[in-house]
Structures are given as structure tokens and as C-alpha cells.
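Dear colleague,

I am handing over the structure we spoke about, with the sequence beside it. Please look it over first, and then read the notes that follow.

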Amino acid sequence: MDKFDIRGIGMTSQRTRERLIERLYEEGLSNARVLEAIRRTPRHLFIDEALSHRAYEDTALPIGHNQTISQPYIVARMTELLLKSGPIDKVLEIGTGSGYQTAILAQVAERVFSVERIQPLQERAKARLAELNLRNIVFRFGDGWEGWNALAPYDAIIVTAAASEVPQALKDQLAEGGRMILPVGQGEQQELLLVVREGDTFHQHVLESVKFVPLLTGTLS
Ligand code: SAH
């Protein structure tokens, strides 16, 4: 992980970040690579300055355009679940948002492919991730319901907005033995699902209740 030169680690934020790691550990998150990635990533740089004092609370926060940066617990949990079957070469992320989840993925996978439908959010995320010197990420402006077929298949797929059903295109783009983690449902009725591909069979496991913004259709520039 030393190939990444993560800057912006101020002393005060470093202490609050350590407390966040302790809390995640107490909540049962134990993957050392994931916790280390969270320790190294300056979440305060992914939100507006007015809210940056809350960056290391374990909570979602607004990032504009009616979207939110995900709660650190859920970022850690989803990443941990993706890594359960071993190292990840290619991961597809739907919903770049602030780019925080993208930054964590970039530190635990070889290559990250990230799709976002709101152009200004994507531009900001790109700039932050370049500033942090995370170079193994490729971005696509588009509708995540379609995935990113040209670069498929993916060992892992993560969706960070709630879909009404598992998008067929994403199932098609999952590699043999690949794992997809996504929230499915509406409003307060959402569950985190794990989908594992075995040939043309997709094994589905319901994990826990979650709350995400909806996976929308089309793009916004
Ligand atoms: N992981 C991000 C979460 C952002 S919220 C973070 O922690 O910052 C969900 C994101 O999904 C938003 O940026 C939203 O614009 C995006 N999104 C919603 N529907 C989408 C779609 N169909 N295709 C691509 N991105 C989508």
C-alpha cells in the first residue's frame, strides 16, 4: 500500500481518525487492509469545509445534489465483504459520489472502474483522488444501471445507491466466481445483498438493513 502517497493527514484529524478505526473495530470490522485504508484516507477532504469537523463521525453527510457520502461503517463493511473470496483485480463501482469509497477500493484492489451519473460530483471526486495520488482508477460518466460493459468482466461490483432490483447488466458483467454487493429496495425498506456468480447461477444472500439514496436513471451534466 506504500505505492500510494496519501497527503493531507493533519495531526488533529489523525487522532479523530484513530478513534473512528477503534469504533469500527468494536463494531466487528476486522479486515486489516480495509481498516488501514480508512486510517490513511483523509475523509475530511471529501466533504465541504463547513462540515469537515464532522468527517470522522461514523455518519453519512450531504455532498450536494441531494447525495451523501456514505457512512464509514458501511464503506468498511461492503469492502470487507467484497474481499472475502480473496484479492480483487478489477472492481466496478456504481455511484462515485464524493469518491471516498473509491479511494478505499483503490487501496485494496488492483484496478477500480467507477461510474457516476452526476457530472459535477464526478469532476470533484476525480480532482480529489488525483490530489491523493490514487492512480489506479478509471472514471465513466454514465448510467450505472448499464454498468460498464466494454471493460467487463469484473471480479467484484459494488453499488452505492439503492436499486429497485438487481440490475441485469451488472449480473452479466460479473466474472465467474465474482461477488456483487448492493442495496436493494426503497426508502426505509432496503437490504444489503451479496450476489455470487457460479456459471449462469446467481446466489443471493440478504445481509442487513441499510439506508442509501436511490439508484436513479439517466445522467445529469
Ligand atoms: N460512495 C459514495 C456514495 C454517494 S451517494 C460516497 O461515499 O461518496 C450515491 C451516488 O450514486 C451519488 O453520487 C449518485 O449520483 C450516484 N448514482 C445514483 N444513481 C446512479 C446511476 N444510475 N448511475 C451512476 N451513479 C448513480
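Is Asn 66 buried or exposed? Asn 66 counts as exposed, because its relative accessibility is 74% and the cut-off for that class is over 50%. Please keep in mind throughout that this is a predicted model.

Asn 66 sits in the loop between strand S1 (61-64) and S2, and has a positive phi of about 65 degrees although it is not a glycine. A second residue of this kind is Asn 133, which is not a glycine either and has a positive phi of about 70 degrees. Asn 133 is placed in the loop between helix H5 (119-131) and S5, and with a relative accessibility of 23% it counts as partly exposed. The backbone also holds a cis peptide bond, which joins Ala 152 and Pro 153 with an omega of about 5 degrees; Pro 153 belongs to the loop between strand S5 (137-141) and strand S6 (154-159).

The space that the ligand takes is the largest pocket, and the elements that give two or more residues to the shell around the ligand are strand S2 (67-69) and strand S4 (109-116). The largest share of that shell comes from S2, with three residues. In total, 25 residues surround the ligand, and the closest are Ser 70, Ser 98, Glu 116, Gly 144 and Leu 216.

In the side chain of Glu 116, an N or O atom is 2.6 Å from an oxygen atom of the ligand. Asp 143 places a polar side-chain atom 2.9 Å from a nitrogen atom of the ligand, whereas Leu 216 uses its backbone, with an N or O atom 2.5 Å from a nitrogen atom of the ligand. Taken alone the ligand exposes 570 Å², and the protein buries 99% of that.

Within strand S2 lies Gln 67, whose side chain reaches the backbone oxygen of His 65 at 3.2 Å. Gln 67 counts as buried, because its relative accessible area is 16% and the cut-off for buried is under 20%.

In H3, twelve of its twelve residues are buried, including Tyr 73, Arg 77 and Glu 80. The length of helix H3 (residues 72-83) can be checked as well: at 1.5 Å a residue its twelve residues should span 16 Å, and its end C-alpha atoms are 17 Å apart, which agrees.

In helix H2 (residues 32-40), where Ala 32 is found, the buried residues are Val 34, Leu 35, Ala 37, Ile 38 and Arg 40. Ala 32 itself counts as exposed, at 59% relative accessibility. Ala 32 and Glu 80 are 48 residues apart in sequence, and 9.4 Å apart in space from C-alpha to C-alpha.

With best regards

Terms used
Residues are numbered from 1 along each chain as its sequence is written. This is a predicted model: local features need pLDDT of at least 70, side-chain atom pairs count only at pLDDT 80 or more; totals for chains, interfaces and linings use all residues. Side-chain values use heavy atoms; hydrogens and water are left out. Helices (H or I, at least four residues) and strands (E, at least two) are DSSP runs, numbered from the N terminus. The expected span of a helix is 1.5 Å times one less than its number of residues. Buried means under 20% relative accessible area, exposed over 50%, partly exposed in between (1.4 Å probe, protein chains only). A residue is near a molecule or strand if one of its heavy atoms lies within 4 Å of it. A polar contact is a pair of N or O atoms within 3.5 Å; within protein, one must be able to donate a hydrogen and the other to accept it, and residues adjacent in sequence count only if both atoms are side-chain atoms. Accessible areas come from the Shrake-Rupley method with a 1.4 Å probe; for residues, only the protein chains shown count as cover. On a 1 Å grid over the protein atoms alone, a cavity is a set of points where a 1.4 Å probe fits but cannot get out, and a pocket is an open set with protein on both sides within 12 Å along at least five of seven lines; lining residues have an atom within 4 Å of a point. A molecule sits in a cavity or pocket if more than half of its atoms lie within 2 Å of its grid points.
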